[in-house]
Amino acid sequence: MATQAHSLSYGGCNFFRQRLVLSTLSGRPVKIRKIRAKDENPGLRDFEASFVRLLDKITNGSRIEINQTGTTLYYQPGLLYGGSVEHDCSTHRSIGYYLESLLCLAPFMKHPLRVVLRGITNDQIDPSVDVLKATALPLLKQFGIDGESFELKIVRRGMPPGGGGEVFFSCPVRKLLKPIQLTDPGKIKRIRGMAYSVRVSPQIANRIVESCRNILNKFIPDIYIYTDHMKGVNSGKSPGFGLSLVAETTNGTFLSAELASNPQGQGAAVLPEDLGRNCAKLLLEEIYRGGCVDSTNQSLVLLLMTLGQQDVSKVLLGPLSPYTIEFLRHLKSFFQIMFKIETKPCGEELKGGEKVLMTCVGVGFSNLSKTIK
């Protein structure tokens, strides 16, 4: 952990989670000013305030100060404590918004984290719980975070705007992370998916699957898309449907894409056939971008490489997303670490978009609360 270092100062509401997560891990206090200062409705939004409350629940001794208008936040991180936590997430963003940050923090708790999150499981903004389960968990396993207590399951589905979903996530703690060398993504060997529908006809999920297969079957025969129709209490409060697809390669890389229907009463109605076709095209686009980690988890893999042992880690990524580029700047501010970035042009065997090889030496972050057994 860093000693009591001087606090970092930022302006604006962008990259709010990145700053608070890195502040918690590095032990450096952070001050964020001018949060939507010129907006008609200034200050923190519900979902951001809810995120701050969640951080407060999983840490011990954090100091959080927010001014009256909510436009300035001072956060002095405490120790990551973990344990059993329940949290009602804001219905303005999905559970994925909170879960992405918990995946970064969970391995470094004092006690293994067991958390129940309630809210929206699938929406059009954040990665859904299905995709995080299929792509982020195998990624954490590469770093040596694994065990019986490592699970993520959807107890109930909830669609916007009503929500009503419930997710259970538990993660073991680790003293150190293993360095990784992920430089060869391999070839796509199979595609798995989940077409879900809640409070609408179960037939909709089958229509999604059929239209999606019409496109993907031209490329690969091994395709299996599950249909998930939750009934009664487990189906949340609002109707909706959607599809998440994951392509797995011969070397254990997972690339994902997903789409959800428009929330009830917002926008035009979406046909299940269109949704299936568009999601299949999105998956093909993600495969074209390629790399050993898909675009949703780029920042997660870079963070875990930074926190790894003092050894070289390498990962081959597709084109960096704007979110990831900003994340690299934040890593430099909080951990004084820089990545070596090499662009790899598309050779004969590397089909698709331009790839980037990211190399770094970990800072040797160790979990101080974890006793050595």
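Which helices and strands each supply at least two residues of the lining of the largest pocket? Keep that in mind for the first view; the model throughout is predicted.

**View 1. The largest pocket and the elements around it.** Here's the answer: α1 (16-26), α2 (46-58), α3 (95-105), β15 (254-260), α6 (272-289), α7 (298-306) and α8 (322-335) each put in at least two lining residues. Strand β15 gives the most, with five residues.

**View 2. Inside the largest pocket, which holds about 890 Å³ of space.** The lining counts 36 residues, and those closest to the pocket centre are E100, I125, D126, P127 and T296. Sorted by class, the lining comes out as 13 nonpolar, eleven polar and twelve charged residues.

**View 3. An open four-stranded sheet, ordered β13-β12-β14-β15.** Pairing in this sheet is mixed. β13 (223-230) and β15 sit at the edges with a single partner strand each, so one side of each has no neighbour in the sheet. On average, neighbouring strands are turned by 15 degrees against each other, ignoring direction.

**View 4. Zooming in on the β12/β13 pair.** Strand β12 (residues 188-198) runs parallel to β13, and eight bridges join the two.

**View 5. The annotated insert and the domain layout.** An unreviewed UniProt entry places the feature "domain: RNA 3'-terminal phosphate cyclase insert" at residues 183-287. That stretch is 29% helix and 34% strand, with its end C-alpha atoms 16 Å apart. The chain is divided into domain 1 (1-80), domain 2 (188-289) and domain 3 (292-365). Going by C-alpha atoms, the centres of domain 1 and domain 2 are 35 Å apart.

Notes
Residues numbered from 1 in each chain as written. Predicted model: local features only at pLDDT ≥ 70, side-chain atom pairs only at ≥ 80, totals over all residues. Heavy atoms only, no water. UniProt positions renumbered as here; feature names shortened; annotations may be inferred. 1 Å grid on protein atoms, 1.4 Å probe; cavity = no way out; pocket = protein on both sides within 12 Å on 5 of 7 lines; lining within 4 Å. Points joined across faces, edges and corners; volume = space filled by probe spheres on them. Nonpolar A, V, L, I, M, F, W, Y, C, P; charged D, E, K, R; others polar. Domains from an automatic or database assignment. Pairing = 2+ DSSP bridges. Axes fitted to C-alpha atoms, helices over the stretch in contact; angles between N-to-C directions.
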